[in-house]
Amino acid sequence: MKIAVIGTGYVGLVSGTCFSEFGHSVTCVDKDPRKIDALNQNVMPIYEPGLDVMVAKNRSARRLHFTTDLKAAMAEAEAVFIAVGTPSRRGDGQADLQYVFAAVEEAAAYIQDYTVVVTKSTVPVGTGAKINDILAARLDKSLFDVASNPEFLREGAAIEDFMRPNRVVCGADTDRAQAVLKELYRPLFLNETPVLFTSRETAEVIKYAANAFLATKISFINEMADLCEKVGADVQEVAKGIGLDSRIGGKFLHAGPGYGGSCFPKDTRALVSTADEHKVPMRIVRSVVEVNEERKRAMADKIIRACGGSVDGKRIAILGLTFKPNTDDMRESPSLDIIPALQAAGASIAAHDPKGMDEARELLENMEFCDDPYEAMKGADALVILTEWNQYRALDVGRMKDLLKAPVMVDLRNIYGRADLAGEGFKYVGVGRCPE
Ligand code: UDX
C-alpha cells in the first residue's frame, strides 16, 4: 500500500518509518529542506532509540522516502497522514490548528483518486469535520474520506509502542475508509492487537481522554506523595498497594516533579478548553492541570528547604534536564521551571543530561553545562536528580561525597532510598517517602 505522511516531527517520522517496516511504501514530506536532506543521509532530527537503524533499513529497501515535494509524495497514495504540530495556542490553551488546515489545503490540490485523509496529530474533537468541509469545498465527495487515527506513542519507547501497541484506534465513518485503515494495520492483526473501529469524533475524544486519564493518575499520586511526607508514609508502597488492584493498575503512579513533555501538558489544557467551548464542566482535568503547574514551583521550594532554607550564593548540581529519560526533548520539562526558580533564589546551577543539553542550552541561561555528572557535583551544596536516566541509578556514592561540598541529595524521581545513602552520612530527600 502506498501512503504519504505530512510532517516529519516526532509522530510523523516514527509513524511513517514503522508503516514502512510493516511493508508499506511510505513517503514522508516536510517543508524543511535541511531536515529532509539529513533524513536522506540517515541523520535523525530527534533522538529516539532504534529509529536511525529502522530508517536506514527501510530507505535501503526503497520502502521509505523523504521529500519536500508534496505532489510527488501524494501521487497514487491511498492514504495521507497529517502529522504536523498542534502547539498550545496562547491565551485559551486550545490546540493551534493552523498547520493542520494548511497541510490539508495543500494536499487537497493533489488528490486525484480516492484518498483517505487521516489525522495523526492530536486534534480537538470536531477537527475531522472541519477538514471534511475544507476538502468538500474543493473536491468531489467520492474522492476522499477523513479519518482519525490517534497515536499513543511514548517518547523513548515509540518504536515498540507502534510495533506492539496495546490497541489501535481508527475513527472512520465509511466502509471504504475503514477498509483502507484495516489494510494498513493488517500486520498487527497477526499478533491479535485490538483494533478498535469507532466514529471519527469518538476516536478524537479517545486520544484526549487517554492522555488526561494518565495525567490524572500522575497528579493524584503526586498529591498523595505530599500527604505521605507529612504523615511519615511511603508513597512508593502506597502506589504498589493500590496498583495491585487490577481496577487501578500499577502504572503511571510514580510520584515525581510533575509531568512534562509534548503531550500531557498541551493535551490536558486543550481538553479543558474544548470542554469550555461546549460549556461542559471539566473540573477533574482542570485540577490536574493546576496541580501539575503548582508542583513544579513546589519542587524548587523543596530543594531550597533541603539546603537549609536558602540557596542564595549556593551551587546546585542538577542531573537530568529532559522531561523524561531516553529522549532529547525538553518540551515543558519540569527543569525549565525548577532551574529558573532556583536561580531567582540566588543559586548557581551546574547541570548534566545525557541527551538534552543541546536543546537545554537554547532554553536555560546563566548556568554551567557539564559533560559528566561528577563534574556537575564538584563543590556543589546539593545534588538534585530531576530525570531518572539509567546512568544516574548507580552513581559512585563515595566519589559523590568527595566532590560535593555538602552531602545533600534531593531525589525527585525516587531512584535512591535513604538506606542507600545513610551509611555515607548523606541527607537524603525523596518524594513522598520521608519527612524532610
Ligand atoms: C505520553 C503518553 O504516554 C503517550 O501515550 C502519548 O501518545 C504522548 O504522551 P510521553 O509524553 O512520551 O507519552 O511520556 P510518558 O512516558 O507518558 O511521560 C509523560 C510525563 O509524565 C513525563 O514527564 C514523566 O516523567 C511523567 N510521569 C509518567 C510521571 O511523573 N509519573 C509516572 O508514573 C509516569
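**Questions and answers**

Biologist: Which residues of α13 are buried?

Modeller: First, this is a predicted model, where local features need pLDDT of at least 70, side-chain atom pairs count only at pLDDT 80 or more, and totals for chains, interfaces and linings use all residues. Residues are numbered from 1 along each chain as its sequence is written. "Buried" means 20 or more other C-beta atoms within 10 Å of a residue's own, "exposed" means 12 or fewer and "partly exposed" is in between, with C-beta atoms placed from the backbone. That gives, for α13, V285, V288, V289, N292, R295, K296, M299, A300, K302, I303, I304 and A306.

Biologist: How far apart are the end C-alpha atoms of α13?

Modeller: Helices (H or I, at least four residues) and strands (E, at least two) are DSSP runs numbered from the N terminus. A helix is expected to span 1.5 Å times one less than its number of residues. α13 has 24 residues, 283-306, so it should span 34 Å, and its end C-alpha atoms agree with that, at 34 Å.

Biologist: On which residue is the kink in α13 centred?

Modeller: A bend is the angle between two fitted axes, one for the seven residues ending at a residue and one for the seven starting there. In α13 the kink comes to about 25°.

Biologist: What does R297 touch, leaving out residues up to four places away in sequence?

Modeller: R297 is part of helix α13, and counts as partly exposed because it has 13 C-beta neighbours inside 10 Å. Between the C-alpha atoms of R297 and A341, 44 residues apart in sequence, there are 7.4 Å. Contact means that two C-beta atoms, placed from the backbone, lie within 7 Å. Counted like that, R297 touches D337 and A341.

Biologist: Into which domains is the chain divided, and how far apart are their centres?

Modeller: The bounds come from an automatic or database domain assignment. They give domain 1 (2-196) and domain 2 (199-436). Taken over C-alpha atoms, the centres of domain 1 and domain 2 are separated by 32 Å.

Biologist: How many residues does each domain give to the contact, and which elements of domain 1 give two or more?

Modeller: Domain 1 puts in 27 residues, and domain 2 puts in 27 residues. On the domain 1 side, the elements giving two or more are α6 (127-136), β6 (144-148) and β7 (168-171).

Biologist: Is V125 buried or exposed, and what does it contact beyond four places in sequence?

Modeller: V125 sits in the loop between β5 (115-119) and α6. It is buried, because 21 other C-beta atoms lie within 10 Å. Beyond its neighbours within four places in sequence, V125 contacts E201, E204, V205 and T274.

Biologist: What is the phi of N42, and what is that of E332?

Modeller: N42 belongs to the loop between α2 (33-39) and α3 (51-60), while E332 belongs to the loop between β9 (315-319) and α14 (335-344). N42 counts as partly exposed because it has 13 C-beta neighbours inside 10 Å, and E332 counts as buried because it has 20. Neither is a glycine, yet phi is positive in N42, near 60°, and in E332, about 50°.

Biologist: What separates the C-alpha atoms of T67 and P33?

Modeller: T67 is in strand β3 (residues 64-67). Leaving out residues up to four places away in sequence, T67 touches T27, V29, I36, A72 and A73. T67 and P33 are 34 residues apart along the chain, and their C-alpha atoms are separated by 8.0 Å.
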